[in-house]
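Dear colleague,

Please find below the structure that I promised to hand over, together with its sequence. My notes on it follow directly after.

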Amino acid sequence: TEEILNLAFDEISFEMGFNGEKYELILTPEGDKVKLFELVYFRNHAPKEVLERWNILVGRQPLENIGLRTDDGWDISGEDVRIWLEERGENSFAISAYCEKLLPLLREREGRAWWMLTTLTDQVLGEIPHMRYIDDFDVLEAPRAEPSIALSRLPEKLKEKGLELSTDPESCLESYLGYTAKPNEDPDADWRL
């Protein structure tokens, strides 16, 4: 499958499964909005003959009571992860995550621990809402003193704040992000600045 998908993409991350009726190909943008455009275009142009047997989804789909188990023995669920949700602006949040079970992995293979926690967040919340609303993600080595919630309660918490957790990738593409910056007047500064 990877070989076939690489005919259309330079690099592709995906998951496959069967929902009882059709095969499912889940294309994951891994938080990259540019890649999200490519994946939506690909999905929208899939031949109808393919769609008779396959569902092509963009972004990991949310699942209640999901857990993540790796072949090297790590096993965590949304109940194992404590999070602190901080509002950064309109529809913009930061998450700080702490998982006691992953502390040894965090010290030995930090990147792997980050991958597990962000992937589990994708699966609890859905990858598209994750991309749309969570602008900053941090992994903590110790819990904060303030009250936290279980990661499994994140969708409920965001809904309480009035957010719509659509997994439709086009809803994420329609959002607008703008910024301004003041030029650096130093003549030795990088020209881009």
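Ile83 stands opposite Ala97 of strand E7 in this predicted model. Ile83 is also among the residues with the most contacts inside the largest nonpolar core. Strands E6 (82–89) and E7 (92–98) are paired in the antiparallel sense, over seven bridges.

These two strands belong to an open sheet of four, in the order E8-E7-E6-E9, and the pairing within this sheet is mixed. Strand E8 and strand E9 (149–150) form the edges, each pairing on one side only. Helix H5 packs on the sheet, where it touches E7 and E8; the direction of H5 makes about 135° with that of E8.

The largest nonpolar core comprises 33 residues. Besides Ile83, those with the most contacts inside this core are Ile76, Val81, Leu102, Leu117 and Leu120. At least two core residues come from each of E6, E7, helix H4 (103–108), helix H5 (110–125), strand E8 (134–139) and helix H7 (154–160). H5 makes the greatest contribution to the core, with six residues.

Which residues does Leu117 contact, leaving aside its neighbours within four places in sequence? They are Ile76, Val81, Cys99, Leu102, Phe137 and Val139.

There is also a second, separate core, which has 15 residues. Phe9, Ile12, Leu36 and Ile128 are included in this second core. As general background, nonpolar side chains in soluble globular proteins tend to be buried together.

With kind regards

How values were computed. Residues numbered from 1 in each chain as written. Predicted model: local features only at pLDDT ≥ 70, side-chain atom pairs only at ≥ 80, totals over all residues. Heavy atoms only, no water. Core = buried A, V, L, I, M, F, W, Y, C linked by side-chain atoms within 4.5 Å. Buried < 20%, exposed > 50% of the residue type's maximum accessible area, 1.4 Å probe, protein only. Contact = heavy atoms within 4.5 Å. Pairing = 2+ DSSP bridges. Axes fitted to C-alpha atoms, helices over the stretch in contact; angles between N-to-C directions.
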